[in-house]
Amino acid sequence: MNLFDIQQNEFVHRHIGPNEAEKNQMLETIGVSDLDELINKTVPGTIRMQQPLAIPAAISESDYLRQLKDVSLKNKVFRNYIGQGYFDTITPSVILRNVFENPGWYTQYTPYQAEISQGRLESLLNYQTMVADLTGLPIANASLLDEATAAAEAMTMFFNALNKDHDHVTRPKFFVDINVYPQTLDVIYTRATPLQIEVVVGDYKTAQLDELYFGALIQYPDNLGAAADYRAFIDSVHAVNAYVGVATDLLALTLLTTPGELGADAAFGSAQRFGVPLGFGGPHAAFFAVKDDFKRSIPGRIIGVSIDAQGQRALRMALQTREQHIKREKATSNICTAQALLANMAAMYAVYHGPKGLQEIATRVTLLTHTLAKQLQAKGLTLVNDHFFDTIVVTGTTIKDAAEAAGINFRYFNGNTSISLDETTTIADLNDILQLFGAGQVDAAAVSNTAINIPASLQRTSAYLTHPVFNSYHSESLMMRYLKRLENKDLSLNTSMISLGSCTMKLNAATEMIPLSWAHWSKMHPFAPKDQVGGYLQIADELGEYLSKITGFDACSLQPNSGAQGEYAGLLVIRKFHESRGEGHRNVMLIPISAHGTNPASAVMAGFKVVVVKALENGYIDVTDLKAKAAAHAKDLAGIMITYPSTYGVYEESVKEICAIIHENGGQVYMDGANMNAQVGLTAPGLIGADVCHLNLHKTFAIPHGGGGPGMGPICVAKHLAPFLPGHVFLNNGELSSAVSAAPFGSASILLISYAYIRMLGADGVKQASRYAILNANYMKTRLEKAYDILYNGVNGTCAHEFIVDLRPFKSTAGIEAEDVAKRLMDYGFHAPTLSFPVPGTIMIEPTESEDKGELDRFCDALLSIREEIRAVEEGRADKQNNVLKHAPHTQAVITADEWNRPYGRQQAAFPLEYVKANKFWPSISRVNNTHGDRNLICTCEPVSAYEEAVEA
């Protein structure tokens, strides 16, 4: 390789952690001669890919950025007044730089380990408080995926509340007002069909609901911009004991009467216009708030207030027993990844502006809108609605050509022109719009003297965002320091390795991330005309082709905006395939007992009945049990959901046989792509025998986890399933198209990250990433296996890209549980591996290819040191309850307190190994008390007195 080839391949060595010398040392420790030998021992020869991947060769970082800049210019940045749930916004620079572009925020994992997650937990609590205040409802979650799927989640929540027995549904009907956003209606129909929910679309003003209805959905303000008083309608729905969900707009709610005050049972929508870029559809945080009655059935994660071991205030994820990873097929939702990073941005937008600032923004927007309306009416034009917040619809006129010539986009439908103004709209912009209609010009005085056009009965009078957090950080210095203070409480990838098995916390390279802030990507509206979005369409086409080649399939949909959404979309493809063949009765989905909880939850959502397949002692799928169950259900078998390598971290040699058994019995094979990081370039789902798979782009393909989102879950399918991929109402002339997400390409802007990952690594680099992921895992396993039991191995004694350490024996020998080890790792500066999944009482370790040998050794040294601490308890040298593990983690406040009455030293507690002194990360709270938080559920910011009481305690 000459110097210029080396330059083009530079990213491979920047992404992959071990250098050549480290690789050789690691191979020697494992006991193999070279990397090829390790791979041959690990990956079954029967499934190995024989040809190089047919994707482009690697490209240097600088060349990639130059090329991507050229592609971006194929996107035309117009002034967008399209609306329809997506609005341009101004992201405060202090938030853009310190949150959106900051690895301290975007490389965090979901805050399961609360003691090292207090920063983002506080920010998400702020988000919940913001949503609860603005919607007038007491319980809010920490975000969902987008507005359309949030509406579908509300429908399902209402359905389940009034139809406990899905085999005997007594209330099958769901009313949807005709003026709900089209993309929301598209997703509603998609979600309703498998559950046999009958969607009834009509005009809320004339609707007559009866006891067959379980709920209703209205939009406020609606698709035409109208701000209507829904009180009478909501009362009529409640009169038949059904529920009402309101899709709404947070900015509008600073001026409008809240959904809670109108009587709504749930309110939801998109928080995008609170400082989150358009990004051609995402990622954006949806919000979701409910009455107290639904606190145990609300989908998504809830952040709650509790206390720690010292009695201090502590935040953590509350009511986790609702979630899919515990309740599986009985879960309230399949939601796993949400949109935490974007929720944090929206929360900080509210913190920075405060209630007064938000109200001023909303007032400017609505005054500009009313001024526009008056000018157009003075011109003789007719508007659809009398009362509105930010959107008007002009009847019987379209000015599309003139507007586009001026670089302006409106929304056009049914011969009308819809105009939605936003935070970025200036008086100069307004005059440009007026000029297109020949409707005169206005100045600041004229706009300021205009009254808001919201009826008195709908003008908000209740206070909101009164908590000090929304009234304290309005200068940039204060805001910058607040963000830094929260960031410092959280352990992220810029601190140390996060070795979460099944989560693939690999490098999120800066070059992959930088373009997301470029205006030609960030300011594109998802419903802009096709000829304006050539850059995005090129990226989507090329990325879809790359992913199809990598998976060995023929077609790809990029629409699902999380892994769980990908699962759901893939299962719907299987369902539609069977229906197309007159076999819609095939409704049994086999799922191994080791599967991730989203699998059974998604299967139930897609209308399937779950039949569990047993596992053998070695972790493999029990093929005998599989054969029996496939044969028993041959007439109604829809398929199987498998993960490969398995969630136990091994390549099962029987995988081809498993696929064949399913096909022989008329089913399809769905492969969960959670462990694709051990497949790329070595094998492929299509090669193995699967029919469809989803890919977690936030795992294998380098999208950051963002503290619990965003993620992307595109699906790839074999040729016979391609006709059944999800469509979108926007791409199908307004016809419903089985959409699974609000935007046609889901969270489109972050597709750039995975595109960059593939382009800069190239065909050989992505394969090397898989090989080094396997190397790193086997090196760590070799270092640890003499001190700990490793639960499962392949036939040659190796693991795939992850492995399970069994901590269960220590419960009987020392009274030490897996949680104690997880918390003690924090004192060593590490986030715990995946805890108690897929086997309770274990940890699952996945180092990824991005970590160098030094970091792997530090983690192994920490676990080996912890083993000696456990041994001290086993041998009676340390007390079973009063020991360094049971008291972990140790905060700075505990360590530096004047009083120290523990039987071990402060040095052992805080600096157990020499390397810790060089880079000490202090947990900000002691061990959290989960039980206290669930018994005393508080999901919004408490009054200041609560903080004072906690300190005094």
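The following legends describe close-up views of a predicted model.

**Figure 1. Stacked aromatic pair Phe174 and Phe214.** This view shows one of the 32 aromatic pairs that the structure holds. The ring centres of Phe174 and Phe214 are 5.3 Å apart and the ring planes meet at 15°, so the pair is classed as stacked, the limit for that class being under 30 degrees. Phe174 belongs to strand β3 (residues 173–177) and Phe214 to strand β5 (residues 213–220), so the pair ties together parts that are 40 residues apart in sequence. Both Phe174 and Phe214 are buried.

**Figure 2. Edge-to-face aromatic pair Phe410 and Tyr412.** The centres of the Phe410 and Tyr412 rings lie 6.5 Å apart, and their planes stand at 75°, so this pair is edge-to-face; planes over 60 degrees apart fall in that class. Phe410 counts as buried because its relative accessibility is 4%, under the 20% limit. Tyr412, with a relative accessible area of 24%, is partly exposed.

**Figure 3. Aromatic cluster with Phe175 and Phe233 among its members.** One aromatic cluster is formed by Phe175, Tyr204, Tyr220, Tyr230 and Phe233.

**Figure 4. Arginine side chains over aromatic rings, at Tyr568 and Phe413.** Two arginine–ring arrangements are presented here. Arg191 is placed over the face of Tyr568, at 5.3 Å from the ring centre. Arg411 is placed over the face of Phe413, at 4.3 Å from the ring centre.

**Figure 5. Buried residues of helix α16 and the elements that cover them.** Helix α16 spans residues 427–437, and its buried residues are Asp429, Leu430, Asn431, Ile433, Leu434 and Phe437. The cover over these buried residues includes β1 (79–80), α14 (340–378), β14 (416–420) and α17 (444–448). After α16 comes Gly438, which has a positive phi near 65°.

**Figure 6. The loop between β7 and β8, with Phe280 and Pro283.** Most peptide bonds are trans, and most residues other than glycine have a negative phi. Gly282 and Pro283 are joined by a cis peptide bond, with omega at about 10°. Pro283 is found in the loop that runs between β7 (266–270) and β8 (286–290). Phe280 also lies in the loop between β7 and β8. The phi of Phe280 is positive, near 60°, in a residue other than glycine. With a relative accessibility of 5%, Phe280 counts as buried.

**Figure 7. Cis peptide bond between Gly709 and Pro710.** The peptide bond that joins Gly709 and Pro710 is cis, and its omega is about 20°. Pro710 is placed in the loop between β20 (692–694) and β21 (715–717).

**Figure 8. Positive phi at Ser738.** Ser738, a residue other than glycine, has a positive phi near 60°. Ser738 lies in the loop between β21 and α27 (751–784). A relative accessible area of 26% makes Ser738 partly exposed.

**Figure 9. Residues 769–890, annotated as a domain in UniProt.** An unreviewed UniProt entry places the feature "domain: Glycine dehydrogenase C-terminal" at residues 769–890. In the model, the end C-alpha atoms of residues 769–890 lie 36 Å apart. The span is 44% helix and 10% strand.

Definitions and conventions. Residues numbered from 1 in each chain as written. Predicted model: local features only at pLDDT ≥ 70, side-chain atom pairs only at ≥ 80, totals over all residues. Heavy atoms only, no water. Phe/Tyr/Trp six-rings, centres within 6.5 Å; stacked < 30°, edge-to-face > 60°. Helix = DSSP H or I, 4+ residues; strand = E, 2+ residues; numbered from the N terminus. Buried < 20%, exposed > 50% of the residue type's maximum accessible area, 1.4 Å probe, protein only. Lys NZ or Arg CZ within 6 Å of the ring centre and 35° of its normal. Contact = heavy atoms within 4.5 Å. UniProt positions renumbered as here; feature names shortened; annotations may be inferred.
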